[in-house]
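Here are my notes for your first read of this entry. Keep the view open and go point by point.

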Amino acid sequence: MMKKSQEAIGTATGQVGIKKKSRVPGVMITQYVETIPEGQNHPDFTRKPIALTIQEGKFAFFKAIVNGEPKPTVTWSRNNGDVSDPARYQTKYDPVTDEHTFEMVNVSPDQADTYKCFAVNEHGRAVVTVVLNVIEVGFNKNKAKPAAAPVENFSTVLKRKSKVRPKKEAVERKEGEIDPKFWELLLSANKKDYDRICAEFGITDFRWMLKKLNEMKKERKEEQAEFVKSISNLKPIEVAGDGTASLEIDLDLIEPSSRIFLYKDGQMVPYTKELGDKMKHTLNLTGKKYIFSIKDLMPDDAGLYQIDVEGVNVFSTEFKIPPIEFLVKIQEVTATERQDAVFEAVLSNPFSKILWFGKNQPLEMGDKYDIEVSEDKLIHRLVVKDCMVVDKGIYSAWAGIKSCNAWLLVEPDKDAKKGKPAERKTTRAGGSGANLAQIAQQQQEKLVKVREEITEIKAAKVKEAVEAAVTAAAEPPPVEAVPVTVETGIKSGLGDIYALRDKQTEFIVNTLTVCDGTWFKDGEQLTAKSRGYRISQDGLCHKLTVLKCGDDDTAMYSFVAGEHSTKGKLTVGDVPVFDPDDLHKFSRPVIIRVGQNAAFKMPYPPQDGLVVRWFKDGVELKDGAGSKIVKESNHSRLLLRDCLRSDTSGITIQLQNPFGAVEAKSNLIVLDRPGPPDGPVELVETTSSLIEIAWKPPTDDGGSAVTNYIIERQQAGQGLWAVQGDVSADKTAYRDRNVVHGKRYNYRIFAQNPQGQSDALETTDSIMAGVLILSGPPGAPTVVSASKTCITLTWTPPENDRGVPIIGYQLEKRKKDTHSWVVLNPLNEPIEALSYAVKDVTEGAEYEFRVAAINESGAGDPSPPSAMVCAKNPNMRPRFKDPEDFIVVRAGNSVRVKVNYEGEPPPEITWLRDNEKISPWVNVVNTEGTSTLVIPSSKRSDSAIYTIIAKNSVGDAMFDVEVRVTDQPKSPGPVAIEQTVQGRVLLSWSPSPDEELDDRLYYVVAEHESGTRVWKNIADRLFSHTYTAVNIQPGREYHFRVFAKNDMGLSDPSDSPTWGVNGDRVPLAPNGCGSMEVNFERPPSILVPLKVHCPPKGYQLYMTCAVRGCPAPSVAWFLDNVCINSDDHYYITNAFGVCSLYILRVGSQDGGEYKIVAENPLGHAQCTTKLVVKE
């Protein structure tokens, strides 16, 4: 059934509309009635359609499974179009899978839409929506002409209300007209950004701007209300740590299918909604949050980005890319636990704040990170404080679209004591390793030079224009001799001047023409006779000199030339000063210990316009990042928190006013334990009884003089360190006399001062006491065995160990046609045995080996090389490893027969079915050492003997696997009961329909009697259709059940009629006249004969048959006419005529003709079969 999108399935008159929740997300259910009859329900989706993105011209379809009682009717529709055309849309229903399918053959771009699936019955309706996206590919000539119509009428379909247009469509603005981009940015900006935007576009009338902006916001909200319920959380475009830029907005759309467009500088930008797509622009929708992302950022990505909903703008943001490069990039840092790590970078242009990322997460100033920026904003620094192992990762710096990244590696603290946390380190790791201040200064000089050149060029152009104007004004017209009046003008005027008391200062005015001028002070004219002033003129330059500035000279000065004038204020004052006592007190150094806070305080006289700044080694300190600065009217305080040893520096306070600046200096000394002694450790002397070492004093004494050194020693190969000695600070050498000749030792030295003990300086290599005594060469290795994965070697110990015990051996290998020997085990992992299995070999390659003995002095002379040996398996006849000979599979399931084998060369594998080739639909998968036979969907007819044959140049092998495909057996037929004699009843039943299909099917009889009221099996493995139940007690009711059983299990039972108190029974005549004698005697007979068996050698065998006779016959088994009843090799049973023979493992001696003979006084019966044992 087809349905148009304009149709609305609502509730009929008298119906209710109750909203119900579906178990499947995204399904909307409306219930029409308040109560639903029992056994019925409203429609719902078991499986809803899935959104589809498909290439143009492909086959597109949606599938859905619905439920409901009565069975619902399923229809399909689309939001923007008709689905009634059977050539383009087809609906199908599969009653087997219960799937409803909506198909579109050769899908085209105009079919991309939101589709709906409706499931309706008399109790309600269920609706689900699904989106189809169609990707256009290539250029189609046939559709080129029709495509022109939509493009031509596109403006009628979607007409943007934003005034921002692409460059090619932009209308030239009139003089004084404001750029529409200005208003678009203001409509989406925060109020705190209004000043910045107005300054950027040169808007100074804020009152008019706010009035017009409010009118535009009101108009924009009315436009948005047609499509959008609410807009919130507008996030301007920003660069992320993964190199993408994104802008975010929360939109609550009235109609979820409304179209959303992205524009850049008025030009529509294509984007994709598929994550991982290769398109540059991507939309990611999470709930109501829309995130537009831009990948592979380039300079031309800068511009105004706008988001429209159906032609109405909802968000505008500008993406600016500053012209910045990294002159010095951050470098890899390796830090120890509890140590600070520093990343540093230098930029080509000043930048107030760059973005730092750690493991793709943005980093901010706080307890964990310090972000520092130099005064010239060229040097940027990230400090990762108190590094731990979890801080390891990649850190990156982003300036605009330029970035650099580096690893932070955090190594565990080897000196930390077990069970206790490591101590906080006072040192810093990392940094660029370059003189950043020098690089930044050079770059700053380049920038200043460029700016001066630009200024000079502009000034030169202005000067040329002025001179041209003067020249033009000075030359009389060539025709008329009319007098010309030259207007005066001021080229450079007066400005405010701050002058020091008792010093000389001057005002300078440059005019455009040579003219007279007049000077005024607070409106009173100054002349050459004015006391304390000197007036002079040099061509265009006019000067007023104040000879000795005093308080009376503070005034407003002006210069008048014709109709032009200029003004400037002179303020006379003094440079700030410190009180000498306060200055002397401040100059004393502040001495603290690591981890403590340092405080500085400096009083000063109160002054207007006083600027107070603090410096640390010339770098200005800001409030934050471990520094706290308090500025009062008469004093300032500096607090440095949690100081480290690296904070030892000069502290400067600077007071600055318009008249100058003054500084006071102090020093901060942070005391700490000393740094490690300066290395490397030098070996002065080594003998069989003495080792002497030397070192250098530590570079950093921690602020306190070193008092002594502590020396510890460790024997190589052991983990224990022991204190060996303690020497005073003036000695930097130590002689260890407690050594053993030939042993190797490691040393470490600690420096100590009143603050504590330093980190250790360790020897890079162990030092041996005396000279090396190496062992002689062992015997040449001999090959024990070789395979493609392993070569086993053995050798003899050296004849001369030279008096030093051998610890183990070091083995080396060399590949044929190469010259380098490769060590197979390091010296600290010696081979203790005289043999070794080398597993690091390549199949087919040839190797030779040599071995060296290891003692405390190291590895001795190598042995002669072994003979060349090839890493390959020896030739071997194929054989199978632990195969299964019998597999049972339920019909319909796949059959997988997996057989593992081995052989060299790799054998060729062949499968047979009953000694014939296997069918084409049977798959064989061969891998190294394994062959698997697969029957995808098995049938009973697939039951057979499958033979696998493995054959190579050495020989072959075969193995039979019996595969039995069966199913749950069907129940036997009706069960009849007949009483034969007192206490016995004869049960008989019709065979199961599966008996002809399954030769392993047999029957099981269960009994239930009123005395015990439980079911118990009384017979098993019956191959006949009758059974005599015994011990039937009078006065009790009996029930019997007969099951069919095969390899899959039991069938459903067939129940017998009740036998007992009220059941039918054979009347037995009393003794005396009229009684009738019944004779049940009969000769033996074979009910179920023996079958032929062909088991593989080593497998078990179960042989059975059924006999009867009265009296019960005696049964004898024969093999090749020899009775085997008393042979322990066979397990023989006889249960109520079911005779069985069991062989645990079949051997070749068990093959032959088997015969069973049943005999009683009335006769005998026999049955024979053959047993063939396969090798």
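**Notes on the model**

1. Start at Lys616. Setting aside neighbours within four places in sequence, Lys616 is in contact with Leu621, Asp647, Ser649, Gly650 and Ile651. Bear in mind that this is a predicted model. Lys616 belongs to strand E40, residues 611-616. Now look for Lys970. Lys616 and Lys970 are 354 residues apart along the chain, and their C-alpha atoms are separated by 96 Å.

2. Next, the sheet around E40. Five strands make an open sheet, in the order E38-E45-E44-E40-E41, with mixed pairing. Strand E38 (590-593) and strand E41 (619-620) stand at the edges. Each has a single partner strand, so one side of each is left without a neighbour in the sheet. E40 and E41 run antiparallel and are joined by 2 bridges. Which residue of E41 stands opposite Lys616? Val619 does.

3. Strand E82 (residues 1114-1119) is joined to E83 by 2 bridges. Within that pairing, Phe1118 has Cys1123 of E83 as its bridge partner.

4. Now a hairpin. Strands E55 and E56 form it, with 4 residues between them. The strands cover residues 782-786 and 791-794; they run antiparallel, and 4 bridges join them. Val783 has Leu793 in E56 as its bridge partner.

5. Parallel pairing deserves a look too. Strands of a sheet pair through backbone hydrogen bonds, either parallel or antiparallel. Strand E20 (residues 333-336) and strand E27 (residues 402-411) run parallel, joined by 4 bridges. Val333 stands opposite Leu408 in E27. In a regular strand the side chains alternate between the two faces of the sheet.

6. Turn to helix H5, residues 194-201. Which of its residues are buried? They are Tyr194, Ile197 and Cys198. Seen down the axis of H5, these fall within an arc of 100 degrees, so they line one face of the helix. Asp195 and Ala199, on the other side of H5, are exposed. The cover over the buried residues includes helix H4 (180-188) and helix H6 (206-224). After H5 comes Gly202, with a positive phi near 75 degrees.

7. Arg220 pairs with Glu184, and their closest N and O atoms are 3.3 Å apart. Arg220 is in helix H6 and Glu184 in helix H4, so the pair links distant parts of the chain, 36 residues apart. Are these two residues buried or exposed? Arg220 is buried because its relative accessible area is 11%, under the 20% cut-off. Glu184 is buried as well, with a relative accessible area of 5%.

8. Compare some other charged pairs. The model has 53 salt bridges by the rule used. One of them joins Glu1009 to Arg1036, with the closest N and O atoms 3.6 Å apart. Glu1009 lies in strand E74 (residues 1002-1009), and Arg1036 in the loop between strand E76 (1026-1029) and strand E77 (1038-1046), so the pair ties together parts that are 27 residues apart in sequence. Glu1009 is buried, at 8% relative accessible area, while Arg1036 is partly exposed, at 34%. Arg381 and Glu372 form another salt bridge, with the closest N and O atoms 3.1 Å apart. Glu372 is partly exposed, at 25%. Salt bridges also link Glu962, Arg964, Asp998, Asp999, Arg1000 and Asp1047 in a network.

9. Finish on the surface. Phe59, Phe61 and Val105 form a nonpolar patch there, with about 260 Å² of accessible area together. Val105 sits in the loop between strand E8 (99-104) and strand E9 (113-121). Val105 counts as partly exposed because its relative accessibility is 41%, which falls between the cut-offs of 20% and 50%.

Technical notes. Residues numbered from 1 in each chain as written. Predicted model: local features only at pLDDT ≥ 70, side-chain atom pairs only at ≥ 80, totals over all residues. Heavy atoms only, no water. Patch = residues over 30% accessible without salt bridge, like charges linked within 9 Å, V, L, I, M, F, W, Y side chains within 5 Å. Areas by Shrake-Rupley, 256 points an atom, 1.4 Å probe, with all protein chains shown as cover. Salt bridge = Lys/Arg side-chain N within 4 Å of Asp/Glu carboxyl O. Buried < 20%, exposed > 50% of the residue type's maximum accessible area, 1.4 Å probe, protein only. Pairing = 2+ DSSP bridges. Arc of directions from axis to C-beta. Contact = heavy atoms within 4.5 Å.
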